[in-house]
Amino acid sequence: MVGEVFAGIAAFKTMFDLAKALKEMDAANIRNNAVMDLQDRIMTAQTAYATLAGSVGELEAQVRSFETWEAEKQRYQLEELPPGILMYRLKSGMENGEPPHKICANCYNKGIKSLLHNTGTYNGRTHWKCHSCGFDEQTGNFTPPPVNRRGDGPWR
C-alpha cells in the first residue's frame, strides 16, 4: 500500500507539473498577445507621427512661401492706368537688378507674381496680357491715326 501511496503522490506531482506548465504556457500566450498588441500600437503611432511630421513640413514650407511673398509684395505699388485698369508696378529703387515691369493685379491678389506683357502700343493704347490668368486689356487714351489726305501714301 505504501507503493500505491507513492504512486498516487507521483501522479499528483505529475498533474501539478502539467497544470503549472499549462499556466506558464497560458501566461506566455497572454504575454505574447500583449507584446503583439503593443507592437501594433507602436506601428500605428509611428505611422501617425510620420504623417504629422510630413504635415508639419508642408505647413512650414507654406509659411516660408507666405513670408517670401509678403516681402516681395512690398516691392510693388498699385497703379491705375486709363481707362481704370489696375496693375502693380515695381517701385523705384526696388529693382534688385530687374528691369522696370508691371505685374497682374489679379495674380498679385492670389499671391502670385505674374509679369504683364506689353504686346504693343497702337493709337495711344498699350495692350497688356497676363499669361497666368488670362488678363487681356488696353490702357491709355485712343488717338485716331493720322489721315493722309494728300493721296501719296499707301492708303489710296
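**A hairpin, its neighbouring strand and the cysteines**

In the hairpin of strand 1 and strand 2, 3 residues lie between the strands, and Gly-84 among the hairpin's residues takes a positive phi near 100 degrees. Helices and strands here are DSSP runs, numbered from the N terminus: a helix is H or I over at least four residues, a strand is E over at least two. The model is a predicted one, in which local features need pLDDT of at least 70 and side-chain atom pairs count only at pLDDT 80 or more, while totals for chains, interfaces and linings use all residues. Residues are numbered from 1 along each chain as its sequence is written, and side-chain values use heavy atoms, with hydrogens and water left out.

The chain as a whole has 2 helices and 6 strands. Followed along the sequence, these elements give the pattern α-β-β-β-α-β-β-β.

Strand 1 covers residues 76-81 and strand 2 covers residues 85-90; the two pair in the antiparallel sense over 6 bridges. Two strands count as paired if DSSP finds at least two bridges between them. Within this pairing, Gln-77 has Arg-89 of strand 2 as its bridge partner, and Leu-78 stands opposite Tyr-88 in strand 2. In a regular strand the side chains alternate between the two faces of the sheet.

Strand 2 also pairs with strand 3, residues 102-104, in the antiparallel sense over 3 bridges. Here Arg-89 stands opposite Lys-102 of strand 3.

What of the cysteines? A search of the whole structure finds 0 disulfides, a disulfide being a pair of cysteine sulfur atoms within 2.5 Å. Cys-107 is in no disulfide, and the nearest cysteine sulfur, that of Cys-130, is 3.7 Å away. Cys-107 is buried, with a relative accessible area of 2%. For Cys-133, the closest cysteine sulfur is in Cys-104, and at 3.6 Å the two sulfurs are too far apart for a bond. Cys-133 is partly exposed, at a relative accessible area of 32%. Buried means under 20% relative accessible area, exposed over 50%, and partly exposed in between, with a 1.4 Å probe and protein chains only.

Some totals complete the picture. Of the 156 residues in the chain, 18% are buried. The accessible surface of the chain comes to about 12100 Å², and carbon and sulfur atoms hold 60% of that surface; such areas come from the Shrake-Rupley method with a 1.4 Å probe, and for residues only the protein chains shown count as cover.
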